[in-house]
Amino acid sequence: MHGVIFAELRNYAESKHGLGTWFALLEKANLTGKTYLPIQDYSDADAMALVGSASAVTGLPVASVLEDFGEFIVPDLIKMYGHLLKPEWDTIDVIDNTEQTVHSVVRIKNPGAKPPQLQTVRRSKDEVLLKYNSPRKMCALAVGIGRGLAKHFREKVEITQTSCLYKGASQCEIVFCKK
């Protein structure tokens, strides 16, 4: 997983739960002393251990932590990649075009980065089906990012997960519908 995600996890932990939380999560995940630089790649297992630690500390399910984290990182993602978005795009357009715009650039600029391969089906102007299939099984992060995008664009978006890897499906399918 790319180091930017670890930097964002640290920001998330400390902004939500105070300074020192990051080090407590590292300790709980048996990663004490590890340093994560935003320009390098690290083990997916480390990221999931930290998310698991956050879940244990907060008492929230892992999916809830990932959703909240996804919503939290949207402002920074917009700062990093907003120049790739067309001014007329809304939440649904960004979700529909993430793979062709943001993820393709991430893969070129950071050869070690492995964002999930996303597929979308545009059902209407106001609805898109996101197909997520990744060994990381972080579909809840995509749900949170969708929420964060809606907040960024000041829109109301209904999010429905119709299938999930955690429930035995071959991929996650998430419907985003602007209201």
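I began with strands β2 (residues 127-132) and β4 (residues 172-178), which pair in the antiparallel sense over 6 bridges; I took helices (H or I, at least four residues) and strands (E, at least two) as DSSP runs numbered from the N terminus, and pairing as at least two bridges found by DSSP between two strands. The model is predicted, so I noted that local features need pLDDT of at least 70 and side-chain atom pairs count only at pLDDT 80 or more, while totals for chains, interfaces and linings use all residues. Residues are numbered from 1 along each chain as its sequence is written, and side-chain values use heavy atoms, with hydrogens and water left out.

I looked up the partner of Glu 127 and found Cys 177 in β4.

I then traced the open sheet of 4 strands, with order β1-β2-β4-β3 and antiparallel pairing. Its edge strands, each pairing on one side only, are β1 (118-124) and β3 (157-163).

Next I turned to the largest nonpolar core, which has 47 residues; Leu 130, Tyr 132, Ile 174 and Phe 176 are among those that touch the most other members. Such a core is a set of buried Ala, Val, Leu, Ile, Met, Phe, Trp, Tyr and Cys residues joined through side-chain atoms within 4.5 Å.

For Phe 176, leaving aside residues up to four places away in sequence, I listed contacts (heavy atoms within 4.5 Å) including Ile 92, Leu 130, Ala 142 and Ile 159.

Last, I checked Thr 101, placed in helix α6 (residues 99-109).

How values were computed
Buried < 20%, exposed > 50% of the residue type's maximum accessible area, 1.4 Å probe, protein only.
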